[in-house]
Amino acid sequence: MSTTIKQLRAFVAVARTRSLAEASAQLHVSQPAISIALRTLEESLGGALFSRDGRQLVLTPEGTAFVERAQQLLHNWDNTLDAVQQRFRLQQGQLSIAAIPAFALNRLPDLLQLFHQQHPDINIVLEDIVMERVERAVQEGRAELGFSFRPEDLGNLSFTPIADDRFVAVLPDTHPLTDNKVVHWQDLARERFIAMNRGSAVRRWTDAAFQQSSAPGTTAPRLLCEANQLSTIGRLVQSGLGVSAVPSMCEAQMHAYGLRCRPLADPVVMHPVGALTRKTGALSTPAQAFLRIALDAGG
């Protein structure tokens with residue numbers, strides 16, 4: 001027969017008060033319920049924990065030896081419950097996120113500020129890494145939430161879309177193409193083009209867009225150089241080395257560099273940005289709360 005927390009509470013209360021009546025009042029249960037709990041506990045342990053001394057209950061030697069351990073068990077139990085309840089109340093815990101640099105730089109700060117204002121006691125762990133490593137971080141459990149473009153192969157991951165991101169042209173402030181409301185990929189092909197590094201999703205998408213825009217008599221892109229970070233591309237365009245194309249989530253960053261952005265067409269390159277989670281297992285309460293904030297913020 002297993003011992004229950006209620007039995008331990010009844011035992012400790014009676015040991016402290018030496019009275020069924022007082023223990024009953026402290027625990028807000030009836031005296032018969034206290035008596036049954038003690039009797040069941042003694043049967044489970046194999047002997048008496050109390051003896052009577054007149055009208056008082058007195059601990060037996062075995063009861064005396066057990067009471068300190070019972071108090072410690074209840075203390076540990078209450079502390080454990082309190083810790084779990086604090087996690088559910090978002091008064092304790094950790095939020096682990098992996099995000100592509102473009103999202104980490106341009107979207108996450110505002111989202112994390114809002115989350116921290118609402119839940120200041122949650123510790124935040126952030127990795128800003130390339131898309132493939134975001135997927136791996138979520139798959140391996142290092143991050144509960146990953147923020148990136150939708151992978152071509154989700155595998156054991158789920159993708160929750162937040163917004164659609166359209167590629168935009170990035171131009172120096174005085175460039176003639178800034179007069180256009182929309183820029184075409186062939187317009188960029190006639191310029192010195194600064195690209196993302198080969199192997200990246202952004203590079204695959206820009207190469208595909210140039211190929212799709214090409215036709216007999218059109219111009220192939222004039223690749224000037226490659227960079228590993230979109231922020232580096234912005235700085236290179238700022239220096240006057242050429243033009244580029246980046247996800248629209250980077251527009252505020254590019255404007256901060258003094259650059260101009262215009263929507264790209266023929267073709268329109270659009271990809272969903274969202275949250276990656278594992279298909280198996282539930283999200284922690286902090287992760288659920290942050291995902292709600294991200295979804296409410298939308299595009």
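The protein has twelve helices and twelve strands. Both are DSSP runs numbered from the N terminus: helices are H or I runs of at least four residues, and strands are E runs of at least two. The model is predicted, so local features need pLDDT of at least 70 and side-chain atom pairs count only at pLDDT 80 or more, while totals for chains, interfaces and linings use all residues. Residues are numbered from 1 along each chain as its sequence is written, and side-chain values use heavy atoms, with hydrogens and water left out.

Start with the overall shape. Along its principal axes, the C-alpha trace spans about 110 × 35 × 25 Å. The radius of gyration is 32 Å, whereas a compact globule of 299 residues would have one near 19 Å. This radius is taken over C-alpha atoms, and the globule rule is 2.2 Å times the number of residues to the power 0.38.

The accessible surface comes to about 15700 Å², and carbon and sulfur atoms hold 50% of it. Such areas come from the Shrake-Rupley method with a 1.4 Å probe; for residues, only the protein chains shown count as cover. Of the 299 residues, 45% count as buried. Buried means under 20% relative accessible area, exposed means over 50%, and partly exposed lies in between (1.4 Å probe, protein chains only).

Next, go inside. A nonpolar core is a set of buried Ala, Val, Leu, Ile, Met, Phe, Trp, Tyr and Cys residues joined through side-chain atoms within 4.5 Å. The largest one has 71 residues. Leu95, Ile97, Phe103, Phe147, Trp185, Leu188 and Phe290 touch the most other members. Strand E6 (residues 157-171) gives the most to this core, with nine residues. Another core lies apart from it, with 20 residues, including Leu8, Ala13, Ala37 and Phe50.

A contact means heavy atoms within 4.5 Å. Among contacts with a separation of 6 or more, 72% are between residues 24 or more positions apart. Take Ile97. Leaving aside neighbours within four places in sequence, its contacts include Leu108, Val125, Phe147 and Phe290.

Pro247 gives another view. This residue lies in strand E10 (residues 244-247). Is Pro247 buried or exposed? Pro247 is buried, with a relative accessible area of 0%. Not counting residues up to four places away in sequence, Pro247 touches Phe149, Asp165, Arg166, Phe167, Val168, Val202 and Leu230. Ala102 is 145 residues away along the chain, yet the two C-alpha atoms are separated by 8.2 Å.

Compare Gln26, which lies in helix H2. Gln26 is partly exposed, with a relative accessible area of 41%. Leaving aside neighbours within four places in sequence, Gln26 is in contact with Ala13, Arg16 and Thr17. Gln26 and Asn123 are 97 residues apart in sequence and 38 Å apart in space, C-alpha to C-alpha.

Finally, check the backbone. Most residues other than glycine have a negative phi, and most peptide bonds are trans. Arg18 has a positive phi, near 60°. This residue is in the loop between helix H1 (5-17) and helix H2 (20-27). His28 also has a positive phi, of about 60°, and is found in the loop between H2 and helix H3 (31-45). Arg18 is partly exposed, at 40% relative accessible area, while His28 is exposed, at 71%. A cis peptide bond joins Asp266 and Pro267, with omega about 5°. Pro267 lies in the loop between strand E11 (260-265) and strand E12 (270-278).
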